[in-house]
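Biologist: Could you walk me through this model, please?

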Amino acid sequence: MRKLALLSILPLVCLMLFPSMGSALGLEGIGGKVALIMPDGPADNNIGFGVIAELGTIVPQINQLKLETSADYWGNSYDVTYYKWSWSSISLNGTAKYEIPIGGSITPFVGAGLSFVISRWKSEWKGDPITSDIWGALNTENSDSDFDIGSHICGGVNIPLGPGLKIIAEGRYAMGGTD
C-alpha cells in the first residue's frame, strides 16, 4: 500500500519542484499497439494489445525527453500434467523516453517507467481417466487476483510514415507484476 501512495504522490512532487513541467505536457498523439509477449516459465509466447498516448516533453528545456502513458492487456493458458493454468494481465504504464538526436527521419530512443499491474490467474484440475472417478473431490478450481507495481526499461525507434503518422518499434523488459 505504501508503494501505491508513493506512486500517487510522486507526480505532485515533480510538479512542485519543476513548475514548468506541467505547462509542457499535453496530448500529442494516441494510437494502438500489438505486442509479442514472451513470459518467463513454461507458458508459450503470446500476442498482447494496448493503447498508447504521447503526452509531450517532460521539461521544456529538454525537447528529447518525452512522456507517454499506455494500457496493455495480455493473457495465456497452458496445461501441466492434469492442471490447466490460465492468467491475464492489465498494466497501466507511465514511461519517460529520451529520443537520441542522430539526424535523419528515424529517431532511436531509450526509456524507463513504472507500471500498475492487475493480474488474475486460475488453475483447474482436469483429472486423469484413472483417478478422476476415485478422487472426484480433486476436480477443483482455484483463482486469485493481484495488484502490483512494476517497472520496465525499453528501447527502440520512431519511424515516421507521413504527417501525424508513425510506427514505433520497441523492445521492453518488464519487472514486477506479471513478467
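Biologist: In what order do the elements of the protein chain run from the N terminus on?
Modeller: They run α-α-β-β-β-β-β-β-β, where helices (H or I, at least four residues) and strands (E, at least two) are DSSP runs numbered from the N terminus. Please keep in mind that this is a predicted model, in which local features need pLDDT of at least 70 and side-chain atom pairs count only at pLDDT 80 or more, while totals for chains, interfaces and linings use all residues. Residues are numbered from 1 along each chain as its sequence is written, and side-chain values use heavy atoms, with hydrogens and water left out.

Biologist: Which residues are linked in a network of salt bridges?
Modeller: The network links Glu-68, Lys-97, Glu-170 and Arg-172, a salt bridge being a side-chain nitrogen of Lys or Arg within 4 Å of a carboxyl oxygen of Asp or Glu.

Biologist: And how far apart are the closest N and O atoms of Glu-170 and Lys-97?
Modeller: They are 2.6 Å apart, and because Glu-170 lies in strand β7 and Lys-97 in strand β4 (residues 83-99), the pair ties together parts that are 73 residues apart in sequence.

Biologist: Is Lys-97 buried or exposed?
Modeller: Lys-97 is buried, with a relative accessible area of 6%, since buried means under 20%, exposed over 50% and partly exposed in between (1.4 Å probe, protein chains only). Glu-170, by contrast, is partly exposed at 31%.

Biologist: What about Arg-172, which residue in strand β3 does it pair with?
Modeller: Arg-172 forms a salt bridge with Glu-68, with 3.6 Å between the closest N and O atoms, and these two residues are 104 residues apart.
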